[in-house]
Structures are given as structure tokens and as C-alpha cells.
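Here is a short note for a colleague opening this entry. Please read the points alongside the view.

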Amino acid sequence: MTELDRKQERTPVPKEWTYAPAPESRDVVNLRDRYGLFVGGEWLEPTETYTTISPADEEPLAEVGQATPEEVEAAVAAARNAYENGWSEVSPAERAKYLYRIARVLQERSREFAVLESLNGGKPIKESRDVDVPLAAAHFFYYAGWADKLEYAFPNRRPRPIGVAGQIIPWNFPLLMLAWKIAPALAAGNTVVLKPAETTPLSALHFADVLRQAELPPGVVNIVTGDGSTGAAIVKSDVDKIAFTGSTDVGKAIQRELAGTSKRLTLELGGKAANIIFDDAALDQAVEGIINGIYFNQGHVCCAGSRLLVQESIYEPVVEKLKRRLTTLRVGDPLDKNTDVGAINSKEQLERIKELVASGEEEGADIYQPPCRLPEKGYWFAPTVFTNVAQSYRIAQEEIFGPVLSVLTFRTPEEAVEKANNTPYGLSAGVWTEKGSRILWMAQQLRAGVVWANTYNRFDPTSPFGGYKESGFGREGGRHGLEPYLDFHRAEALNG
Ligand code: NDP
């Protein structure tokens, strides 16, 4: 043993790391008291409004519009007009320029958007700053690159835009989901009517200002705020396509509504992903991957690794390391740069999490929550681990969409696959092992749109994302993400 080793052995391990608060400034965002609907490049005064709040302390932030079906119609008409009288004639290289500009403005205003996203959504600033906003800009950069290369992306298929896209997005990644939807739609030459979620409208409304800065022609992107009824009005309106991300129940209702119409549809719905740890995995890294898989963004992630499948021989060390790591997570003010776990997005979501956690306890699972003091105001839930979970428990079957992990075990790779696939969903999965051949074998067996190997929750604009079964259909991201926004005519048919 060297002198250094001996010294380190004697150094007492601190029981708790305390950090001085490091809050990001709220002043970088200029919130208005009241926002209208962004239609045809103008702010339309809404007939009805509601108050959007900060979930961390329930403080009112602004009044925003509750768009009626007539106002949705006006937005769709503006999008149609922009499509037919200008945008569809804009050359692909020009379209790309607008997308590059949007990406650059987003980058320039990244601090403002990061604060806004954390303020309105409750997510930790280090996540909005390092993940949401840079990835949103990256999507605009990426699709800008495709705008004038569609003929190469789809050789011999003569890609053409489809017209007006209605886009409905959820509250877990408001700006990023906006980018996932708007960037490929514009790159393909369409115009858009987008509705952010009721609880998180502010970043989309500020994005309208980015569009003005980028001098995007009026009506190419329209933003209407409101609750589910506004989303339903978009689905019923005269759009050519619906792109939806959200719950499986609403996704099914939309599919029923559109059946028999000519409107195109892509659905990105829920998940109940398995994060699978084999006994040869690097355990400390795997534990970080488990933590990132389920506590990132308070578990409000459709592809969250909410079911942990651990090989039986390493169950005890993994659970012990996991519990220890949980005690170091800092829960609190989303605007504090030290915060790991922020606020739950809404009262309704908190109720839903509590109800499912209570069902887990009633059904017989063992609950563990690290000691942590939750703020008194706002919506909060401590990071939670359930052990002793049976496959049939609701916490192992249903999407909780909160910081709650269910731990199950397996003995063989075949059993891991069987358990991982035993869900109505099929969005994502994680595999932790040192064996490359096992990774490839598992990836082939798992019914999941994305399989991460020795990592989790990694996103990249070049990589397609989407699900199987009740997780929806269609892909977003990558070249695949352009396809739902294009019509194709085979070259030979046109020639012949
Ligand atoms: P929803 O599916 O209700 O919300 C997603 C979006 O759809 C929101 O913009 C919502 O508006 C809108 N919407 C709601 N009803 C309709 C409708 N009938 N027609 C068209 N659009 C509609 O999700 P919730 O917010 O209710 O969350 C419930 C559960 O869904 C969560 O607990 C979670 O399990 C899952 N979920 C999954 C997500 C994913 O990424 N896969 C994202 C969000 C939730 P509004 O916000 O105004 O209701």
C-alpha cells in the first residue's frame, strides 16, 4: 500500500455533501403578464385565458390563451394560406437558411430558454441548460442540413411536402418536443399549427419571438395554447397531418377520430422500459445509468428506465449501491444549479404518482425513499425505489411518469427478454453488459424502438426515435423523421 493509499484510507468519508445555493437568475427572462395566440405572424387576442404557474412554488407566471375551435380554425387557415401562397414555392436552400437562423437564435438565447423551461416545467436548470435547449437547437441545425437534400435522402421517390401539419406536444420536454416536431416539418416544406401542453405553454410562446427574429414568413408556424379541447379541435380541423406525443389513451382517441380520413398520423406515446443489468456489467457505471434512466427529469420521460431488471447474482450489491446513490440526490429548487431532481410538473401528475405508489405498497412491494426534505409549497415527490415487485403489480405494468423505480430480477438472458417484453409498450430498453455479442442478441430480441447499450437516455438528432405496440408508430429524428412529413411519387411512375 502506498503512502497515498494509506492517507486516503484514514480520510473520513463525509456523511453528507452540503452545497451553498447556486440559483440561476430569473431576470434573464422577460415574462409578459399576458400572451395571445401566435397566428399568421401576429399576436391574436384570445377570447378566453387561463393562468400558467410555476410547479415549484405554485406562483402564477402569466395569463395565456385558451384557444377555441374557431381560433384553431383561424390558425389552420393562416397555415394553409402561408403554405399555398409562398412557403411551398420557397426553394429548399432558402428553407434551410430559415432553419439555420432559428437554430442560431435559439443558441444565442439559450440561457433565457433554459430558465423559462425550468420555471414553467419544474425541471432542474442543469438539465434544461445542458440537455433540452442544446438538443432543441441541434434538431434545427440537423434538419436545416436535410432541407435541400431530400432527393438524396429518398432517391427515386420524388419527395413533396404534404401541406399543413397539426402538432400536439406534452409537458415533459416542451421546447425539445417543439423542435422534434417543427424542424422536420419545415425542412420538408410544410407549415405548422402547434399546441404546447396546458401546463407548459411559455417556451413555445417565446419561441414565436425566435421565429420573428429569424424572419420566418408569417403563418408558416402558428402557436395556439389551451387544454385538451384545443388539441381535439386541431385533430378535427382541416390539417393534412397530425403529429402527437402524449398519453396512450389520448393517442388512441386521436387514432379513432382520424380513422377513415385522409389525414396522416404519427403517435409517440407512453413506455415502461426495462433497464437490464447483467452480472458482468461495470456496476458503478450501471448504477449511474439506472439513476439517469429514472430520475432524470423527475421520471417524466416516455422512455424512462422505470423497470430495473437485475441479474439475481448481483441483486444485493446493485440495490445497496443504488440506495446509497439515492441519498446523494439533491431534490429542490429547479433554478438551483445543484439540483438533481426538481418539481413534479402539475398537481394532477403528483396525484397520479401518489396513487400508483400507494398501489405498490398495497400490493406488497417494499418501498425505499432516501431522507430528504421536500419544499412545502409546490408539487414534490421524493425519489423512490420499490423492491420485491411482482410482474403483475401495477407499478411494474403502468407508466408512472414520476421518479419511481420498480426492481425485478432475472437469471438468464432469455428470462430477461421475456420479462422486458412483457408490457403493452415498446419504446425503449437499456442493456448493461461487457459482452458485445450479448448486446447484439438482446437488441434483436427486445421489442423496443430504442435500445441503449451501457448507457441510457442518450438522444441525438441523427437517430430515429419511436415505438412499437402501445408506444405508438412513426419515427422522429434522423432521416426517418422526415418521412411522415412527405408525400412520395415514384420517379418511374411520374416519368411513365
Ligand atoms: P395527454 O396525452 O393528455 O397530453 C399530451 C398533449 O395532448 C397535451 O398537449 C394535451 O393537452 C393534449 N390533449 C389532451 N387531450 C387531448 C385530446 N382529446 N385531443 C388532442 N389533444 C389532447 O397527457 P397528460 O398530460 O394527461 O398526462 C397523462 C399521462 O400521459 C402521464 O401520466 C404519462 O403517463 C403520459 N404522458 C406521456 C408522455 C410521453 O411523452 N409519452 C408525455 C405526457 C404524458 P393538455 O396538456 O392541455 O391536456
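1. Which polar backbone atom is 2.8 Å from a nitrogen atom of the ligand? That atom belongs to Leu 269. A polar contact here is a pair of N or O atoms within 3.5 Å.

2. Basis of the note. This is a predicted model: local features need pLDDT of at least 70, side-chain atom pairs need 80 or more, and totals for chains, interfaces and linings use all residues. Residues are numbered from 1 along each chain as its sequence is written, and side-chain values use heavy atoms, without hydrogens and water.

3. A polar side-chain atom of Trp 171 lies 2.5 Å from an oxygen atom of the ligand. For Glu 399, a side-chain N or O atom is 2.8 Å from an oxygen atom of the ligand. The protein buries 84% of the 860 Å² that the ligand exposes when taken alone (accessible area by the Shrake-Rupley method, 1.4 Å probe).

4. The shell around the ligand. There are 27 residues around the ligand, counted when a heavy atom lies within 4 Å. Ile 169, Trp 171, Ser 247, Leu 269 and Glu 399 come nearest. By class, 13 are nonpolar, nine polar and five charged (Ala, Val, Leu, Ile, Met, Phe, Trp, Tyr, Cys and Pro are nonpolar; Asp, Glu, Lys and Arg charged; the others, Gly among them, polar).

5. Elements in the shell. Helix H9 (228-236) gives the largest share, three residues. Strand E9 (241-245) is among the elements giving two or more. Helices (H or I, at least four residues) and strands (E, at least two) are DSSP runs, numbered from the N terminus.

Definitions and conventions
Polar contact = N/O pair within 3.5 Å; in protein donor to acceptor, adjacent residues only side chain to side chain.
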